Amino acid sequence: FFFFFFFRSLFFKLKNCPCSCSFPHPSKALTMVSKVLITGATGDLGEKIAHAFLKKQHEFETTLIIRKEGIANKREKVDQFRAKGAKIIEGDLDNLEDLARACKGQDYVISSAAVVHLSAGQETKLIKAAHEAGVKRFMPSQYTSDYNLLPKEELMTAIHFEHLIEAIQKIEETGMEWTCILNGNFNQYQYCKLQGFDPQAGIVTCVEDGNHKISAMSTEDIGRFIPEIIVDPFAKNRYIRLEGHTYTRRQIKTIAEEIWGKKFELINFTIDEIIKQREDNGKFDETWAPRYQELFYKWNRMANFEGISDNWRYPNVVPQPLHAWFQHLKDHPDQYDYGGVRQY
């Protein structure tokens with residue numbers, strides 16, 4: 001009985017003790033802040049990714065590597081990044097010393113420079129610098145359709161896709177973790193004149209009967225997914241498929257008519273007509289649009305993520321519906337041009 005009352009008395013004394021000797025509640029425990037380096041932050045997608053991380057300063061310390069010309073020419077963007085807490089490093093993706101300096105101490109590296117401007121050599125240098133700096137996971141600049149579904153003969157003639165596969169191979173050779181984002185098409189390019197969508201003229205073009213589905217997503221939504229995905233253990237060494245919305249061109253025509261309040265014309269092109277246009281005009285420049293349309297039709301699952309996306313793993317992010325995107329285009333026609341929709 002003596003020991004019982006002794007320990008009982010001691011327990012209540014400790015419980016009511018005003019000193020800080022009690023254990024903290026788990027919810028009050030310190031959270032580790034991860035360090036992330038982002039390239040391409042002055043571009044459309046890269047800017048959205050950067051701002052998404054800067055909204056989570058309790059989770060991430062964000063560093064941006066930007067070329068000297070980019071800092072000078074996009075001063076307003078750079079100042080906004082700094083104001084929100086980003087660390088800016090002046091450097092070039094072709095310079096290994098700059099990359100090594102930027103990658104030092106980083107947990108994650110996210111490459112978001114536009115694929116059309118990013119050479120295989122630049123990506124390889126960034127991978128090398130990240131590996132030598134001990135970076136845990138690397139996210140290459142892909143953000144496209146599932147090119148893994150293309151037969152080899154198609155892959156070799158598809159613009160940029162061969163470089164994307166090479167990037168994954170280079171990362172695997174280092175032993176670093178990697179995560180690749182597949183999102184179908186960007187809204188900015190799925191719904192523009194270059195891809196046969198013209199709300200001013202009331203035109204929607206399609207391949208063959210226009211009944212094959214294509215997934216697309218806004219760059220802002222892709223950006224909001226990245227902080228969730230980069231730390232996800234499931235995403236280690238995986239392709240993560242994201243779906244903003246998935247529609248046929250006929251369905252897109254119906255939604256456009258609802259938003260703009262007028263009739264749209266559906267113009268059909270056959271595969272043979274698209275191939276002829278590509279062969280007549282050459283492989284690059286504006287012909288990437290009909291080439292992609294051809295691939296999306298022939299190998300539809302590469303751009304149709306309906307029912308197979310990984311969105312459900314990240315319930316905190318809900319993509320913008322197509323109706324809202326079209327409403328924005330209608331309300332801001334000045335943000336629409338031949339090459340795509342300007343960032344906003």
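Guide: Helices here are DSSP runs of H or I with at least four residues, numbered from the N terminus. Please keep in mind that this is a predicted model.

Visitor: How do you know that the side chains of Arg 101 and Asp 98 meet in a salt bridge?
Guide: Their N to O distance is 3.1 Å. The definition asks for a Lys or Arg side-chain nitrogen within 4 Å of an Asp or Glu carboxyl oxygen, so this pair qualifies. In general, side chains of opposite charge can pair when their charged atoms come close.

Visitor: Why is Asp 98 called buried?
Guide: Its relative accessibility is 16%, and buried means under 20%, so Asp 98 counts as buried.

Visitor: What makes Lys 56 and Glu 59 a salt bridge?
Guide: The N to O distance between these side chains is 4.0 Å, and the cut-off is within 4 Å. Glu 59 is partly exposed because its relative accessible area is 27%, between the limits of 20% and 50%. Lys 56 and Glu 59 also belong to a salt-bridge network together with Glu 228.

Visitor: Which parts of the chain do Lys 213 and Glu 306 link?
Guide: Their side chains form a salt bridge at 2.9 Å, N to O. The pair links distant parts of the chain, being 93 residues apart: Lys 213 lies in strand E10 (residues 213-217), while Glu 306 lies in the loop between helix H13 (288-298) and helix H14 (322-331). With 24% relative accessible area, Lys 213 is partly exposed, and Glu 306 is also partly exposed, at 34%.

Visitor: How many salt bridges does a search of the whole structure find?
Guide: That search finds 14.

Visitor: How many disulfides does a search of the whole structure find?
Guide: The count is zero. A pair of cysteine sulfur atoms would have to lie within 2.5 Å to be listed.

Visitor: Why are Cys 180 and Cys 206 called buried?
Guide: Cys 180 has 0% relative accessibility and Cys 206 has 4%. Buried means under 20%, so both residues carry that label.

Visitor: Where is Thr 62, and what does Thr 62 touch?
Guide: Thr 62 is in strand E2. Leaving out residues up to four places away in sequence, Thr 62 touches Val 36, Ile 38, Phe 53, Leu 54, Gly 85, Ala 86 and Lys 87. Its relative accessible area is 3%, so Thr 62 falls under the 20% cut-off and is buried.

Visitor: Which residues have the most contacts inside the largest nonpolar core?
Guide: They are Phe 53, Leu 64, Ile 110, Tyr 143, Ile 226 and Ile 229, in a core of 33 residues. Elements giving two or more residues to this core include strand E1 (34-39), strand E2 (60-66) and helix H10 (219-230). A second, separate core has 31 residues, among them Leu 37 and Phe 161.

Visitor: What percentage of the 344 residues in the protein chain is buried?
Guide: Buried residues make up 50%. The chain has 14 helices and 13 strands.

How values were computed:
Residues numbered from 1 in each chain as written. Predicted model: local features only at pLDDT ≥ 70, side-chain atom pairs only at ≥ 80, totals over all residues. Heavy atoms only, no water. Buried < 20%, exposed > 50% of the residue type's maximum accessible area, 1.4 Å probe, protein only. Core = buried A, V, L, I, M, F, W, Y, C linked by side-chain atoms within 4.5 Å. Contact = heavy atoms within 4.5 Å.
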